[in-house]
Amino acid sequence: MSSNIPTDPALERFNSIPDFGAFKPENAGPLLKRLIQAQDQALLALEASCTPSWAGVVQPLTELAEPLSYAWGVVHHLLSVKDTEALREVVQALQPEVVAAGLRLAQSQTLYHAYRELKSGSGWNVLDEAQRRVVDAAILSAEHSGIALEGAERTRFNEIEAELARLGTLFGNHALDATKAFSLILADKEQVLGLPETVLAMMAQSARSVAESEPALANATPDSGPWRLTLDAPILIPFLKHAKSRELRENLYRAYVTQASAGELDNQPVILDILKLKREKAALLGYNTYAALSLSRKMAKEIGAVQKMLDDLRKTARPVAEEEYAELLRFVATQNAEANPELKLWDIGYWAERQREQTLDFTDEQLRPFFPLPRVLEGLFGVAERLFGVRIVAADGEAPVWEPSVRFFRVVDRAGEAVASFFLDPYTRPAEKRQGAWMNTCLDRKLLTDGSVRLPVAYLICNQSPPVGETPSLMTFSEVETLFHEFGHGLQHMLTRVDYVDAAGINNIEWDAVELPSQFMENWCYHRPTLLTFARHFESGEPLPQHLFDKLLSARNYRAGSQFLRQVHLGSLDLALHSSFDPAGEQSIQTLAEAVAQENTILPPLAEDRFLCTFGHIFAGGYAAGYYSYKWAEVLAADAFTAFTDAGLDNPEKLAEVGSRFRETVLALGGGKEPGAVFRMFRGRDPDPKALLQSYGLSPASP
Ligand SMILES: [Zn+2]
């Protein structure tokens, strides 16, 4: 790298953790520009000197790409957890240049030919399996980056890529701004009847948070309000489940399903543009549809294979979901003769929750006190220690953070040697943080030139309720599962033994296999001895009572048919949009969405439902023609968990033995081996879908 690049501790120490405290958006622009220049220079130098070998082309390419991807990674991370106007400007201004710089690497004819020569030459024989997968993936990736295109086609391809990146960011910004733009101030106690304490407290806190512009809200309290109703998930979801006011539920529901579908924040034209461009891109690369392009690099490979899985699941789930709806109607009839038995979409969540309370006789809210975040973390870390032989040690203050509530932890193995570290950003901050939960990589594991190993670092991001006053963050059971899920991704990133960045951890793993460790980890929330290591009342210390645990287990299968059908719906919609749907044809997106809904929903969506406008997974994330992956990977995860059940969940030695095999295969091999082969190494056979169906009580073969 040339020496005239100014140092920036947040963006430019790419073998260490970024210095978030020192980050200044105004420095990011010039620095990124210089990193782009440096990368271009290094690319020219490599093109002049490369030879068809690992050390002659693959390794130097990884090296030269790292500074920019590191800096851009930090900027993107901050955009998702600490959004500011200034940062957005940097991203919007620089994104096209960063994308273009990435394309220059990916589309270098010289490097592409060096890779092809490496694959066909004698150098191939000395590569190990992980190295070969890296080279194969790079060749396919180059081909998908338009390497074979020339002239006008190449130019058009590059325009499409830059435009898709811009549209994806725009989609996400619209969705976030639409969420922020909606709020209702409720001053009348009648309006909040039915809501649990924790939700009232959050709504009062939310009201106080905007007191600067509305001074009357400065003294909002949980008991007497005013309360601020928003589309922020920790308020939205419990409000739809608990609020007695049908009118407010309807208002909120309508606002929710029409977010970002009108005015300045309208995502509908953005979606149509994205679909058009994706189809055009696929055609340029020789694929009929974007789905065909997407699946060519996935474990499933063929559209037909995905379609078959979705059809199979629908066949089992739909009749069960219909029966669940009929049961719900019968239940409502017994509850309130005055209630209109005709259920609307904003009634389903409310009445399903009442039915659940009656049949299962507990609420999410009753469970919260048993899941204070600090204890849940102890329990989660205990699982990692018992199964995988790693200890997780709090190391707050040892690394800079972007927000005071963010925690930092180190992962050490039995011998006390450092293996990895991670950040945990647990709480929702609707004004500056994207919704949802995710794991992202901060640093990848890498063998450095001096022979030492750069250890992996992960970001674990959740959006649960923050502590209120003296009370710690009390989690719903689903937030506990989410934390286990993201930690599962983190484990695969952190416990990798692969030393090549491009195949370490979650890198180079096929999308539809990448959810295996995360969904696998969720199963431990239903393992009683495991759960009891941490499910204790935050005040009294009383363990979660047996009857509540039993109910948790039954709750897992509660309305499972409907939940399955929902996932099948989203997977089918995604697949249809990216395969059969022609964005330039007669049919509108809305018509297609309605047709797919007819097959996969019991109550049809509202005519004005524009849920797609906030379906960030497929329009702002990487799940286009890949949403089915969740279910695909669940098949793998459920079957992997049965390896532990078969060994005996209450036998610590057996658990450790199977755990160690899981660590050495699924968690250690990363993207260095084909996922089907990794699974067979762990399980001794191919995955069996029965385990998934049985775990939801949906299989005809289940007891
Ligand atoms: Zn996941």
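**A chat about cores and a helix pair**

Author: Happy to walk you through this one, which is a predicted model. The chain holds 26 helices and nine strands.

Reader: Nice. Which residues have the most contacts inside the largest nonpolar core?

Author: Those are Leu32, Ala71, Val75, Phe371, Phe422 and Leu460, in a core of 166 residues. Helix α2, residues 54-81, gives the most to this core, with twelve residues.

Reader: Let's pick Ala71. What is Ala71 in contact with, leaving aside neighbours within four places in sequence?

Author: Ala71 then has contacts with Leu11, Glu12, Leu31, Leu32 and Leu35. Leu32 is also on the list of residues with the most contacts inside the largest core.

Reader: What other core lies apart from that one?

Author: There is another core of 22 residues, and its members include Val199, Met203, Ala207 and Leu240.

Reader: Changing topic to helix packing. At what angle do α24 and α25 cross?

Author: Their axes cross at roughly 170 degrees and come within 9 Å. Helix α24 covers residues 652-667 and helix α25 covers residues 675-683. An angle over 145 degrees counts as roughly antiparallel, and α24 and α25 are therefore roughly antiparallel to each other.

Reader: Which residues make the contact?

Author: From α24 they are Arg661, Phe662, Thr665 and Val666, and from α25 they are Val678, Met681 and Phe682. By type, the contact divides into five nonpolar residues, one polar and one charged.

Reader: Let me zoom in on Val678. Is Val678 buried or exposed?

Author: Val678 of helix α25 has 22 other C-beta atoms within 10 Å. The cut-off for buried is 20 or more, so Val678 is buried.

Reader: And its contacts, leaving aside neighbours within four places: what are they for Val678?

Author: Val678 is in contact with Thr665, Val666, Leu669 and Lys673. Thr665 and Val666 belong to the α24 side of the helix contact.

Methods: Residues are numbered from 1 along each chain as its sequence is written. This is a predicted model: local features need pLDDT of at least 70, side-chain atom pairs count only at pLDDT 80 or more; totals for chains, interfaces and linings use all residues. A nonpolar core is a set of buried Ala, Val, Leu, Ile, Met, Phe, Trp, Tyr and Cys residues joined through C-beta atoms within 7 Å. A residue is buried if 20 or more other C-beta atoms lie within 10 Å of its own, exposed if 12 or fewer, and partly exposed in between; C-beta atoms are placed from the backbone. Helices (H or I, at least four residues) and strands (E, at least two) are DSSP runs, numbered from the N terminus. Two residues are in contact if their C-beta atoms, placed from the backbone, lie within 7 Å. Axes are lines fitted to C-alpha atoms, for helices over the stretch in contact, and angles run from 0 to 180 degrees between N-to-C directions. Angles under 35 degrees count as roughly parallel, over 145 as roughly antiparallel, 65 to 115 as roughly perpendicular and the rest as oblique. Ala, Val, Leu, Ile, Met, Phe, Trp, Tyr, Cys and Pro count as nonpolar, Asp, Glu, Lys and Arg as charged, and the others, Gly among them, as polar.
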